[in-house]
Amino acid sequence: MDAKTYSLQEILKPERRYIIPTFQRDYEWTLEGQWKLLFEDLENAAERLLEVRLIGPTGSSLTSREQSISPHFLGAIVCAGLPFPAGGIAPRSVIDGQQRLTTVLLMIRGLLDVLQEEEADRAKSVRRMLFNPDDVVERHEEVYKLWPRRKDREVWPSALDDKPSAENCASDHRYLEAREFFAKSAREFAQDGNGKLEVPRLVALSDAISSLFKLVVIDLDDNDDAQVIFEVLNGRQTPLSAIDLVKNLLFLRSEFNDEDVEVLYDKYWAQFDDDWWKKEVGRGHAQRGHRDVLLSVWLTAATGKEANVGHLYREVRGYLEDGPETEMILQELNIFAEAYKVMYNAASCEDERLAVSYGRVRSLEIMTAVPLLTWLRTVSPTQLHPEDHVRAVRAIESWALRRVFVGWQTRGYGTHFSRVLREAKQAAEKNVDIAEAVVTGLQGGFLDWPTDADIRWAFRERKYYRGISQARIRLLLGAIDERLRNEDPNEPPASIEYDNLQIEHVMPQRWQDHWPLIHEDGSAVEEDTSDPQWLSLSDVRDRAVDRIGNLTLVTSSFNGSVSHLGWIFKKQEFEKQKSLVINYGLAHNESWDEESISERADALATIAIAIWPSAEELSKTSAFSSTIESQ
């Protein structure tokens with residue numbers, strides 16, 4: 001990266017073009033918001049210059065004094081090089097700072113209007129900051145030092161030319177309004193008290209804007225990341241969307257290839273302007289808009305390597321250097337977008353089993369699984385049978401949920417899922433069982449698939465309450481309740497918002513007042529903190545109350561005042577919880593103790609194992625194998 005401070009004449013007088021990427025946001029700077037303040041800055045710089053020129057001798061002494069005048073810094077612009085033919089005018093894409101640079105050009109144009117009216121000597125010098133010489137341009141638009149986004153290219157010549165075309169001159173366009181404002185302001189600054197224009201003041205404006213107005217120009221090379229640089233320049237308060245940078249890159253490529261950008265945009269990109277795509281998913285520093293997540297999903301699937309969300313632009317740019325044509329990339333993004341929307345419940349899903357799995361993965365916020373899940377949706381049903389598609393997705397869900405339930409680490413998930421994705425793609429290329437490749441790929445290594453025995457141990461021994469998030473406890477218990485309801489032919493269908501239910505300890509955490517400890521002979525153990533037996537039994541109970549066998553879901557009708565009372569009172573409340581099948585068994589217990597908790601944990605584990613099968617179970621049935629045998 002090359003970052004240097006230049007005066008405007010050093011930036012604009014050389015033969016060069018600054019191109020605003022297509023489909024950038026509208027020009028938004030206004031009279032009250034920025035124009036007045038910017039011209040006031042120019043006036044102040046010109047006044048400093050006049051003060052030096054009117055006081056003291058001329059010659060080398062004056063030159064020295066002028067060089068000591070403090071400049072005015074306009075801020076920074078970020079540019080990236082674009083390809084151009086040998087001998088042509090070097091174009092630069094303006095990645096950030098287009099509003100600032102556009103306004104500066106309009107201010108120069110307004111000043112030039114006054115200089116030309118007065119036939120001032122500085123007119124030719126100032127004009128060179130707006131236009132390239134006619135003898136170096138091959139196409140008409142190359143004469144303009146700044147070339148705006150496609151939407152504004154018809155009006156831009158009217159905003160800059162000496163004699164605007166009446167056909168394209170919309171007097172109420174903001175470009176024209178800015179030019180008129182700056183011309184009027186320059187004229188007023190140069191006039192004396194009687195309205196007579198003083199040429200030295202006009203010259204001071206010209207010299208101030210040429211030499212005292214300075215910009216920091218950040219030129220990116222191939223190894224620089226515009227996305228990160230933009231965030232640093234803006235204090236990381238307004239992150240730049242990676243997909244906006246990629247959009248500009250793609251459509252600039254199309255323009256240079258003389259493709260119809262408008263057609264490509266309407267056909268492939270317009271949907272990404274919808275508000276839904278701008279909504280953020282994830283948490284904390286990992287929060288990104290759906291569009292950026294989609295970009296990382298597509299890139300991960302395309303390369304088989306986990307995309308770095310914080311450096312997406314650089315990685316996409318690297319991929320595009322030797323990648324497919326622009327339209328093919330846009331087609332791929334659209335295909336992935338349709339699949340992605342189903343993943344995030346923004347489009348209907350063809351199979352309820354898939355929809356349920358997607359919802360559970362979303363609730364876990366395992367973003368690293370999304371590229372694999374999305375890619376599976378892009379595979380043709382002739383290559384991935386619908387039943388095998390369900391099997392592959394269930395495998396991903398089961399692997400992830402089982403690891404949550406046993407409490408195994410999540411570090412390295414991105415690398416793990418990327419490897420499984422590569423193996424699934426290889427299976428597709430070889431026309432072998434894709435679902436089996438997913439099931440097999442998820443197994444082994446330090447990110448193994450928990451066995452049924454692992455699940456049973458975790459349900460009996462692991463601390464769940466405050467051991468995992470309450471949202472995940474609700475997901476587990478809600479899925480079990482739904483399974484019990486679906487398996488009972490006497491239960492009517494019901495739609496229950498499990499996320500809104502309360503987690504209840506069957507035996508309360510504060511059990512000491514109403515839940516006495518019991519000897520093996522059935523007698524109560526008196527509370528005595530000096531008694532080793534009481535301390536041992538108390539420790540066993542404290543650990544038991546936070547295990548999954550002692551947790552359940554209750555609706556708002558549950559009387560919270562009995563939560564810390566004895567079993568005889570709580571049992572009656574559980575009997576009233578008719579809408580939750582998971583509580584039916586609880587209400588049938590005559591007593592509730594540590595043994596009851598362990599027995600219920602075993603029962604819940606059995607159901608959980610059926611909902612989220614083992615790797616061996618999911619390898620048993622393959623629609624792919626049946627299809628091959630029938631051929």
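This briefing describes a strand, a loop residue and a cavity in one structure. The structure is a predicted model, in which local features need pLDDT of at least 70 and side-chain atom pairs count only at pLDDT 80 or more, while totals for chains, interfaces and linings use all residues. Residues are numbered from 1 along each chain as its sequence is written, and side-chain values use heavy atoms, with hydrogens and water left out.

**Strand S6**

- Six of the eight residues in strand S6 (residues 213-220) are buried, where buried means under 20% relative accessible area with a 1.4 Å probe, protein chains only.
- Strands here are DSSP runs (E) of at least two residues, and helices are runs (H or I) of at least four, both numbered from the N terminus.
- Strand S1 (residues 2-7) runs antiparallel to S6 and is joined to it by six bridges; Asp2 stands opposite Asp219.
- Strand S3 (residues 72-81) pairs with S6 in the parallel sense over seven bridges, and Ile77 has Val217 as its bridge partner.
- Pairing requires that DSSP find at least two bridges between two strands.

**Thr555**

- Thr555 lies in the loop between strand S12 (551-554) and helix H24 (567-576).
- Thr555 counts as buried because its relative accessibility is 17%.
- Beyond its neighbours within four places in sequence, Thr555 is in contact with Leu501, Gln577, Ser579 and Leu580, contact meaning heavy atoms within 4.5 Å.

**Lining of the largest cavity**

- Helix H4 (residues 98-117) gives the most to this lining, with three residues.

Methods
Buried < 20%, exposed > 50% of the residue type's maximum accessible area, 1.4 Å probe, protein only.
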